[in-house]
Amino acid sequence: MASAEVFSPRTPGPARVVVLVSGSGTNLQALIDAAADPGYGAEILAVGADRDGITGLERAERAGLPVFVHRVKDFPARDAWDRELTDAVAGYRPDLVVTAGFMKILGPEFIAAFAGRIVNTHPALLPAFPGAHGVTDALAYGVKVTGCTVHLVDAGVDTGPIIAQGVVEITDADHADGGDALHERIKTVERELLVEVVGRLAREGHRIEDRKVRIPA
Ligand code: GRF
């Protein structure tokens with residue numbers, strides 16, 4: 001049998017979560033709202049970003065959360081950015097890191113530091129349509145259903161073990177409108193799925209067996 005990596009919830013108290021964002025932060029907001037309930041089992045400690053001036057950071061500040069920004073272009077090399085981001089997140093001693101619309105590929109140091117504990121949400125049904133254009137790539141291909149995937153992050157781009165997926169139908173109108181309305185429908189499903197998954201991981205822990213993510217019932 002393949003060996004299993006086990007991630008247990010912290011006891012006592014809620015799981016410690018750091019969220020990384022790059023944009024409007026509606027997934028972050030859904031997590032902030034869910035975590036307001038002590039029964040949810042997760043506490044958001046801080047929000048990080050790779051750029052300034054985004055609504056995601058405003059949402060964090062409005063919720064009274066500490067924020068930090070590390071822009072790749074401010075570092076001499078990508079590995080220096082990777083190290084700084086890793087240190088900033090590690091300072092919060094998170095049980096889970098959630099990348100919610102974070103549009104940078106995480107570096108090897110970051111992935112090693114939080115291996116098996118980084119949760120990403122992607123707006124397509126992986127392994128189809130990985131990368132930054134999952135919504136429009138699915139539309140262009142002509143698939144009839146797409147959706148979202150909540151998965152653990154590994155060293156590849158959107159290749160890590162899948163935790164949960166949600167399905168969204170594509171209509172003819174989506175082709176005329178270029179994908180904006182489709183992305184909004186996906187995000188409605190995505191927010192609910194992400195909140196559900198993060199809560200379950202926080203409360204129950206998880207293990208990874210042969211690429212399968214198992215969450216105790
Ligand atoms: C989500 O659809 C996410 O999957 C994608 O970007 C969107 C982020 O939305 N990578 P928001 O910033 O959480 O509103």
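Predicted model: local features only at pLDDT ≥ 70, side-chain atom pairs only at ≥ 80, totals over all residues.
**View 1. Residues around the ligand.** The ligand is surrounded by 13 residues, and the closest of them are Ser24, Gly25, Thr26, His183 and Glu190. Residues are numbered from 1 along each chain as its sequence is written, and side-chain values use heavy atoms, with hydrogens and water left out. By class, the shell holds two nonpolar, nine polar and two charged residues. Here Ala, Val, Leu, Ile, Met, Phe, Trp, Tyr, Cys and Pro count as nonpolar, Asp, Glu, Lys and Arg as charged, and the others, Gly among them, as polar.

View 2. In the side chain of serine 24, an N or O atom is 2.5 Å from an oxygen atom of the ligand. Lysine 187 has a polar side-chain atom 2.7 Å from a ligand oxygen. At threonine 121, a polar backbone atom is 3.2 Å from an oxygen atom of the ligand. Taken alone, the ligand exposes 370 Å², and the protein buries 90% of that (Shrake-Rupley method, 1.4 Å probe; for residues, only the protein chains shown count as cover).

**View 3. The largest pocket.** The ligand sits in the largest pocket, meaning that more than half of its atoms lie within 2 Å of the grid points. A pocket is found on a 1 Å grid over the protein atoms alone, as an open set of points where a 1.4 Å probe fits, with protein on both sides within 12 Å along at least five of seven lines; lining residues have an atom within 4 Å of a point. About 830 Å³ of space lies in the largest pocket. Its lining has 42 residues, and the closest to the centre are Gly101, Phe102, Met103, Thr121 and Pro123. The largest share of this lining, five residues, comes from α7. Helices (H or I, at least four residues) and strands (E, at least two) are DSSP runs, numbered from the N terminus.

**View 4. The second largest pocket.** About 150 Å³ of space lies in the second largest pocket. Its lining includes Glu5, Leu152, Asp154 and Arg211. By class, this lining has five nonpolar, one polar and three charged residues.

**View 5. The loop between β6 and α5.** Proline 127 is found in this loop, and a cis peptide bond with omega of about 10° joins leucine 126 to proline 127. Phenylalanine 129 lies in the loop between β6 and α5 too. Phi of phenylalanine 129 is near 55°, a positive value in a residue other than glycine.

Technical notes: Near = heavy atom within 4 Å. Polar contact = N/O pair within 3.5 Å; in protein donor to acceptor, adjacent residues only side chain to side chain. Points joined across faces, edges and corners; volume = space filled by probe spheres on them.
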